[in-house]
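Here is a short tour for anyone who likes to know how each number was defined.

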Amino acid sequence: MMKDDPNPVRSVAENPCNMCMPLGAIIPFKGIENCMVIIHGSQGCATYMRRHMAEHFNEPVDIASSSITERGTIYGGEANLKHGLNNLIQLYQPAVVGILSTCLAETIGEDIVRIAGVFQEEQAGSETPAMIPVPTPGYGGSHFEGYFLALTGIVTALAQPTRRHDRINVLVPHISPADVREIKRLLELMQVQYTLLPDVSATLDAPYTQIYRKIPAGGTVPADIAAMPGARATIQFGATVEDELSPGKYLEINHGVPLYNLSLPMGIVACDRFLNLLETLTGNEIPKQLLDERGRLLDAMVDAHKYNREGRAVVFGEPEMVYALGQVLAENGITPVILATGSKSPRLKELLLDLTADNDEEPLILIDSDFAQIRKHCADKRINLAIGNSDGRILTEKDGIPLVRMGFPVHDRIGGQRILTVGYTGTTQLLDLITNTLLANKLKHYRENMYAKHFPFQPKTIMFKGEVSDDGQF
Ligand code: SF4
């Protein structure tokens with residue numbers, strides 16, 4: 001390890017900046033119609049994942065477990081998994097079942113692909129759901145890698161050679177149900193026929209109903225996923241995704257579907273790129289409604305720029321979000337001082353270096369990082385804004401840096417499922433939130449700073465206190 005390397009290779013994570021692989025892999029399955037997931041491992045893993053998802057999405061989230069105990073750990077957990085699958089099918093009657101493994105299952109050598117095959121052979125003659133096993137050892141990567149591994153697994157398992165049709169495949173990373181709804185609204189305003197995968201817009205943000213459904217309505221229809229190889233193009237919001245984890249790349253290589261790999265449509269440049277691409281692919285003009293929304297975002301940028309210039313931000317989270325936010329900060333004059341992810345993402349680093357090549361201050365890019373490392377670097381860089389998931393609240397609690405919550409998980413506030421950041425409208429809302437957080441922080445410390453400047457020996461006890469909340473959020 002180099003002595004001054006800001007991003008040293010370490011064998012421990014201290015206060016991680018990511019969730020584990022199977023947790024990320026659950027989410028694409030939750031965006032398929034009538035789909036259920038079983039985790040092959042101990043009860044605790046499934047409980048941890050349910051808890052994080054239920055707190056973030058504020059929904060009941062059913063995840064089955066094969067409940068391996070000490071006996072299964074020693075003699076193998078195949079019988080547990082088959083038993084669990086039988087129970088799950090009887091109780092939920094799903095059309096698709098995702099089977100995910102855990103640290104324990106992978107460490108004792110469980111082969112979930114083989115077990116799923118044997119289970120289906122044993123059920124021959126009776127109607128069984130489609131089984132999609134995806135090996136996801138918790139230590140194999142972060143929830144970001146788990147998400148795209150599962151998404152590629154779903155497309156690989158369900159896609160069938162199909163004759164050409166006019167639909168466009170739209171593959172989205174881990175974004176909120178509100179963001180998925182917004183991308184669907186943009187596609188519909190552009191009159192695009194599309195298959196969006198995974199569609200969590202209703203399954204993880206279901207409207208209240210009197211009758212409880214074990215599997216919420218909504219999600220991408222499996223028959224539409226099967227027809228993805230016949231699409232005229234794939235738009236994948238996965239600029240940071242490596243090829244081997246890219247479902248869009250799989251469709252391009254194996255079925256000849258042209259791939260357009262974009263960053264998330266956050267900020268003027270990225271939204272323009274998305275809508276211009278839709279215009280080119282369909283020949284449909286961008287409607288006035290969207291041009292007006294674009295104009296309002298520009299207006300918001302003009303309103304906010306004099307405040308944002310003072311922003312010095314640390315951004316952390318999943319690679320797609322960090323890259324998209326980096327672009328939003330660049331457009332709005334906020335200095336991205338530290339850009340960090342808990343994932344191993346070489347492509348993110350390349351993209352960020354390119355994005356910030358002309359910046360006056362070179363940002364610190366931390367890959368495969370954790371909050372201990374992020375905090376250490378925040379200390380001497382005069383950071384006044386943090387943007388990322390709730391786990392970054394440690395930056396507020398310990399260092400007084402206000403946090404704008406977005407990404408996953410947001411478990412210390414309600415409404416994680418409704419956080420809207422994409423499209424011109426979502427970016428406008430995000431920009432207001434960022435600017436107001438900077439303003440609140442400035443007003444909170446304004447008098448302290450003024451006194452400190454003019455009366456450097458003034459005792460601290462007579463300083464004024466601000467009136468905004470400690471984390472600067474409203
Ligand atoms: S890291 Fe491993 S042990 Fe922990 S919840 Fe994830 S799969 Fe289970």
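## Cavities

Three cavities of 30 Å³ or more are counted here. A cavity is a set of points, on a 1 Å grid over the protein atoms alone, where a 1.4 Å probe fits but cannot get out. Grid points are joined across faces, edges and corners, and a volume is the space filled by probe spheres set on the points. This is a predicted model, in which local features need pLDDT of at least 70 and side-chain atom pairs count only at pLDDT 80 or more, while totals for chains, interfaces and linings use all residues. Residues are numbered from 1 along each chain as its sequence is written, and side-chain values use heavy atoms, with hydrogens and water left out.

The largest cavity has a volume of about 230 Å³. It is lined by 18 residues, and His174, Ile175, Ser176, Met321 and Gly407 are the closest to its centre; a lining residue has an atom within 4 Å of a point. Helices α2 (43–57) and α13 (319–331) each give at least two residues to this lining. Helices (H or I, at least four residues) and strands (E, at least two) are DSSP runs, numbered from the N terminus. By residue class, the lining of the largest cavity holds nine nonpolar, six polar and three charged residues. Here Ala, Val, Leu, Ile, Met, Phe, Trp, Tyr, Cys and Pro count as nonpolar, Asp, Glu, Lys and Arg as charged, and the others, Gly among them, as polar.

## An open pocket

What volume does the second largest pocket have? The space in it is about 410 Å³. A pocket is an open set with protein on both sides within 12 Å along at least five of seven lines. Of the 24 residues lining the second largest pocket, Glu59, Ala206, Tyr212, Arg213 and Pro216 lie nearest its centre.

Both α1 (21–30) and β1 (35–40) supply at least two residues of that lining. The lining of the second largest pocket divides into 16 nonpolar, three polar and five charged residues.

## The sheet with β1

Strand β1 also belongs to an open sheet of four strands, ordered β2-β1-β3-β4 with parallel pairing. Two strands pair if DSSP finds at least two bridges between them. At the edges are β2 (64–65) and β4 (130–134), each pairing on one side only. Six bridges link β1 and β3 (residues 96–101) in the parallel sense, and cysteine 35 has valine 96 in β3 as its bridge partner.

Helix α6 (residues 112–122) packs on this sheet and touches β1, β3 and β4; its direction makes about 165° with that of β4. Contact means heavy atoms within 4.5 Å, and axes are lines fitted to C-alpha atoms, for helices over the stretch in contact, with angles running from 0 to 180 degrees between N-to-C directions. The phi of glutamine 93 is near 45°, a positive value in a residue other than glycine.

## The sheet with β5

Another open sheet has four strands in the order β6-β5-β7-β8, paired in parallel. From one strand to the next, the twist averages 15°.

Strands β5 (residues 168–171) and β7 (residues 233–237) pair in the parallel sense over four bridges, with valine 170 opposite isoleucine 235 in β7. Helix α10 (residues 247–255) packs on the sheet, touching β5, β7 and β8, and its direction makes about 160° with that of β7.

## Cis peptide bonds

Leucine 197 and proline 198 are joined by a cis peptide bond with omega about -10°; proline 198 is in the loop between β6 and α9 (222–226). A cis peptide bond also joins phenylalanine 408 and proline 409, with omega about 0°, and proline 409 lies in the loop between β13 (403–405) and α17 (423–454).
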